Each structure stands twice: as structure tokens, then as C-alpha cells.
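Open the model in your viewer and keep the selection tool at hand. The tour below goes from one selection to the next and says what is found at each.

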Amino acid sequence: MAIEQMTMPQLGESVTEGTISKWLVAPGDKVNKYDPIAEVMTDKVNAEVPSSFTGTITELVGEEGQTLQVGEVICKIETEGAKPAEQKQDQTEVPTAGQAAPESHTEAASQANKKRFSPAVLRLAGEHGIDLEHVTGTGAGGRITRKDIQRIIDSGGVSERTEEPKAAAPAPVQKQETKEDVSHPASAAGDKEIPVTAVRKAIASNMKRSKTEIPHAWTMMEVDVTNMVAYRNSIKDSFKKTEGFNLTFFAFFVKAVAQALKEYPQMNSMWAGDKIIQKKDINISIAVATEDSLFVPVIKNADEKTIKGIAREITDLAKKVRDGKLSADDMQGGTFTVNNTGSFGSVQSMGIINYPQAAILQVESIVKRPVVMDHGMIAVRDMVNLCLSLDHRVLDGLVCGRFLARVKEILESIDEKTSVY
């Protein structure tokens with residue numbers, strides 16, 4: 001037998017760490033090579049990690065909720081092929097009488113990650129005045145875990161594993177000032193602490209970067225989609241029966257945006273410091289929300305797809321998000337974002353641009369309103385607001401106004417003669 005180590009895989013080109021969201025195995029479980037052993041969340045994707053070996057799980061090194069760097073050990077597996085693990089000799093040589101004991105490699109390795117800990121550990125230590133410099137971690141490579149901090153809290157002082165003597169009150173955390181330092185509210189009795197996941201951290205980082213770097217401007221246009229609504233409602237049942245998936249209003253909006261981007265390519269651009277990059281491919285990012293996260297998968301070459309094709313992709317991507325099967329490729333390459341804020345009843349909103357894109361369009365809820373028609377007649381019509389946030393470094397009001405007017409024109413021209421195929 002031999003003990004093999006499974007490490008955190010690199011689940012994307014720029015991914016440097018992953019969070020173990022759920023273990024699918026336990027110590028003692030037998031696994032085959034390629035069997036899924038854990039669900040891992042990164043800033044780009046959720047994915048199942050397959051086993052690299054056939055054998056028995058001996059130890060889960062990483063904890064659920066723990067963030068580990070790519071290459072760090074997440075678990076250990078006993079495989080066939082060498083002498084049993086319990087018969088292995090310690091690699092550290094035992095000193096004979098009269099010899100000084102050599103410095104322990106194990107001890108040195110155990111401290112390798114002593115100064116690396118997750119935001120949840122840092123927050124918990126700060127709330128209880130625990131100096132992390134005096135804590136010896138029990139995680140992989142000496143990493144300090146939440147269990148280490150909780151053990152100290154439960155014991156009422158500095159961990160017995162540390163070299164520092166117990167004090168009546170723990171020393172305050174020595175905090176280094178950085179440009180990221182902000183004042184955080186302290187938890188009170190009854191408050192619920194929710195650890196920040198890798199996805200939520202990525203959302204926060206991207207939104208902060210977008211708002212601090214991009215000069216946002218905003219405009220809105222009202223669109224009469226009465227004919228589009230009537231047409232879609234007249235064919236939705238037969239479409240679902242024939243195709244096996246829903247024909248949503250959102251597919252019509254995405255198609256209209258893709259067509260308008262083809263005619264106004266300035267909108268399909270990105271700021272690159274000393275130049276503006278106008279993208280050739282029209283790849284529409286769509287926002288898909290779960291209970292606690294937001295994902296932005298991409299419909300590639302949306303201008304080349306029919307309304308049916310777009311509806312299928314929306315369905316498939318949303319299912320991947322719900323099932324945690326979204327791949328890194330599904331999230332890459334977006335050039336313009338369309339957000340279906342109307343799905344939860346919003347009628348007006350200002351979206352934060354999906355960096356490094358130059359604009360985001362919010363499609364609001366379709367509502368019935370009294371509208372003054374030609375010759376002063378009043379009629380009840382299906383109306384929707386389209387809200388556009390734009391990067392004013394790249395785009396000006398003139399081109400954005402023309403772009404929105406074109407989207408409006410396309411949507412208002414949809415009727416029973418329009419083909420979804």
C-alpha cells in the first residue's frame with residue numbers, strides 16, 4: 001500500500017485557489033480513479049474534482065468552506081502497490097545517544113503556511129482578539145483553520161499548541177494598514193455570520209473594480225412590446241411541445257440586442273488603457289442568479305443564432321448554473337451583458353458594468369400601462385423599460401441613444417410574421 005496525496009487542481013487558466021464547498025466522500029470510503037470526491041468553487045466556476053487514484057480515503061485534509069491554493073493537499077488516499085502506510089518509517093532520522101536531534105523537516109513544513117489563512121479565520125480571530133502570529137495551525141502545511149481558532153475561543157486563551165504562555169486576556173491582533181483596510185462592523189449576540197465564498201469574493205472584487213475604475217453613465221428607453229408579447233404567447237405552448245424547452249421573452253431581447261450590436265459595433269468594445277478594443281465576436285453575457293451567488297455565462301456568437309437557438313442556450317446555461325456544472329469556458333469571452341432584472345419584478349434599475357465590458361443592458365419587467373396612441377386615443381399596452389449603463393470613457397450618449405433606439409425598433413417590429421427559427 002502507499003499513501004497518495006490529492007491536491008487542489010487548477011480549474012481555469014487564471015484560477016489560483018479553490019474553496020471546498022462539499023466533500024462527496026468520507027475517510028474509509030473506497031473510490032475508483034475519476035470518481036468525484038469533492039465539489040470545489042472558484043471565482044469562475046463550480047466543479048466536481050475527480051479522484052486521481054483508486055484506493056481508500058484515509059484523510060480529508062481540507063475542510064468544507066476552506067480555501068486552498070492550487071497545488072495544496074486536499075486529501076490523502078491509500079492505494080495498492082507499496083508497503084502499508086502504518087509500516088512506513090518516519091523520514092526524520094532518530095538521533096542516537098550523544099547526538100543532537102536534527103531540525104525536524106516535519107516541523108518546518110508544518111509552519112510553511114502558518115501565515116496563510118482564509119478571510120473567515122482572519123475575521124473570527126479579530127473578533128476575539130487572537131493574535132494569529134501565536135497560533136499553530138493544524139491544517140495542511142500548518143495552515144490555520146477555523147477549528148484552530150474555535151479551540152482557542154473555547155479554551156478562553158491562546159492555544160496550548162503555541163509557544164506563548166496563556167494570558168488572562170489574549171493580545172489584540174496586530175493589524176497592518178493596507179489600501180484595502182476598512183472598518184467592519186462587529187457581530188453582536190444573535191447575529192448570523194455567513195462566510196464569504198470564492199464566488200461572492202469574485203463578485204465583490206469585480207463590482208468594486210468596475211465602480212472605482214469605470215465612469216458610469218446611465219440612460220433608459222421605454223419600449224412597446226405589445227405585439228411581441230401577443231406573438232410569443234400564441235406560440236409558446238406549441239414551441240414547448242415541439243422543442244422541449246421554453247420560449248421566453250428574454251430570448252427575443254437578447255436577439256434584438258445582438259442584432260443592434262452588429263449595426264453599432266462601438267457598443268461591443270472594451271477599454272484597454274491607451275486604446276479601445278472593438279470586439280469582432282458578439283458574445284452576450286447573461287446574468288443567472290442562485291440563492292446566494294450570481295453567475296454570468298456567455299452566449300457565444302449570439303448574432304449568428306436564431307431566437308430558438310438563443311432560447312436553447314439560455315435554458316442550457318441556466319440549468320448548468322443550478323446543477324453546479326458550469327465550466328470555465330461557459331463564463332469566458334463575454335463582450336456585452338444583458339440582465340433580465342424583470343424576472344423579479346424590477347421596472348427600473350442601474351446595472352454595474354461587467355468589467356472590462358463597456359455596457360450592460362437591464363431588461364425590466366413587462367407591465368401593462370395606459371399609453372396615449374395616435375390621434376389622442378388611450379390604450380392599454382405591454383410596456384418595458386430598457387436601462388443601459390455605459391462606460392463613458394468608451395461610449396458617448398449619441399451612439400448609446402442610437403443603439404437603444406435600434407433595439408426598440410427591432411422589438412416593436414416583432415409580430416406574427418417573425419420567425420423564431
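Start by selecting G324, which follows helix α7 and has a positive phi, near 70 degrees. Helices (H or I, at least four residues) and strands (E, at least two) are DSSP runs, numbered from the N terminus. Before going on, note that this is a predicted model, in which local features need pLDDT of at least 70 and side-chain atom pairs count only at pLDDT 80 or more, while totals for chains, interfaces and linings use all residues. Residues are numbered from 1 along each chain as its sequence is written, and side-chain values use heavy atoms, with hydrogens and water left out.

Next, select α7 itself, residues 307–323.

Now colour I307, I310, A311, I314, L317, A318 and V321, the buried residues in α7. Buried means under 20% relative accessible area, exposed over 50%, and partly exposed in between, with a 1.4 Å probe and protein chains only. Look down the axis of α7: its buried residues fall within an arc of 135 degrees, so they line one face of the helix. The arc is taken from the directions from the helix axis to the C-beta atoms. An α-helix has 3.6 residues a turn, so residues three or four places apart point the same way.

What do the buried residues of α7 pack against? Show α6 (249–263), β12 (284–286), β13 (288–289), β14 (294–295) and β15 (298–299) to see these partners.

Move to D303, in the loop between β15 and α7. D303 counts as buried, at 18% relative accessibility. Its side chain is joined to that of K262 by a polar contact of 3.1 Å. A polar contact is a pair of N or O atoms within 3.5 Å; within protein, one must be able to donate a hydrogen and the other to accept it, and residues adjacent in sequence count only if both atoms are side-chain atoms. Leaving aside residues up to four places away in sequence, D303 touches K255, A258, K262 and I282, where contact means heavy atoms within 4.5 Å.

Then select C75, buried at 0% relative accessibility, and C387, also buried with a relative accessible area of 0%. The structure holds zero disulfides (pairs of cysteine sulfur atoms within 2.5 Å).

Finally, show the whole chain: eight helices and 19 strands. Of its 421 residues, 39% count as buried.

Note on methods:
Expected span 1.5 Å × (residues − 1).
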